[in-house]
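Please look at the sequence and the model shown below before reading on.

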Amino acid sequence: MINSGIDHIQKKLALLFRKRLTMYFHTEYLRNMHYYKICNLDNRISNPDQRLTQDAEKWATCLSSLYINLVKPTLDMVLFSRKLSELVGWQGPALTFSWYAFSGFIIRLISPSFGRLTAKEQRLEGEYRALHSDLLAHSEEVAFYNGQDWERRNIDGGFEKLYSHISFVLTKRFLMGIYDSMLVKYGAVMVGYTVVGLPVFGPNSKEYLEK
């Protein structure tokens, strides 16, 4: 019930973020003939159609996920730390946060820049789609000059670049999943057992055992 409510709020936020962003893009894109300048006079912004549609939707979804993933864990940490300090003392929350800070540092140290890799994937997706768009736009000329073999090699090359990059990212994510499980999941269990044992084996064990 709670998870479905959070999922609904996240999707609603993503939709609202996308609406605000899209309305702003439409205003700027159609102002002062920017659409014409981008397509014909200035090639610094490639694939504007993809940036205005797919990229805007993915950005809004990521932003809503970031918002939910920041607010809920923060509230959980505050409530959990307060209750844990009441049961086992300040050593429990301190040990828990120290472990997560250490594991986060290690993961950050060995993790590649997935943001740049995702940006490169989106760029390659746009370039691959642009190759198909160019073929459709110039299909008459290609057919007249029998250029289908060259076009096929060109499109195949664009897809091979995209395929190789996605395979590389999947491998990196798989390895990071293993490291994350070892450090966060199983390491957190060990820290949890340590925290649970603090009342019995910690510095205040005599007071606890006398109760």
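Which pattern does the chain follow when it is read along the sequence? The chain follows the pattern α-α-α-α-α-α-α-α-α, and its secondary structure comes to nine helices and zero strands, where helices (H or I, at least four residues) and strands (E, at least two) are DSSP runs numbered from the N terminus.

This is a predicted model, in which local features need pLDDT of at least 70 and side-chain atom pairs count only at pLDDT 80 or more, while totals for chains, interfaces and linings use all residues. Residues are numbered from 1 along each chain as its sequence is written, and side-chain values use heavy atoms, with hydrogens and water left out.

| Property of the chain | Value |
|---|---|
| Buried residues (under 20% relative accessible area, 1.4 Å probe, protein chains only) | 23% of 211 residues |
| Share of contacts (heavy atoms within 4.5 Å) with a separation of 6 or more that join residues 24 or more positions apart | 76% |
| Accessible surface (Shrake-Rupley method, 1.4 Å probe) | about 16,100 Å², 64% of it from carbon and sulfur atoms |

On the surface, Phe105, Leu109, Ile110, Phe174, Leu175, Ile178, Tyr179 and Met182 form a nonpolar patch with about 810 Å² of accessible area together. The elements that give two or more residues to this patch are helix 5 (91-110) and helix 8 (148-201), and helix 8 gives the most, with five residues. Such a patch is made of residues with over 30% relative accessible area and no salt bridge, and its nonpolar side chains (Val, Leu, Ile, Met, Phe, Trp, Tyr) are joined within 5 Å; a salt bridge is a side-chain nitrogen of Lys or Arg within 4 Å of a carboxyl oxygen of Asp or Glu. Phe174 lies in helix 8, and Phe174 counts as exposed because its relative accessibility is 56%, the cut-off for exposed being over 50%.

Note on methods:
Patch = residues over 30% accessible without salt bridge, like charges linked within 9 Å, V, L, I, M, F, W, Y side chains within 5 Å.
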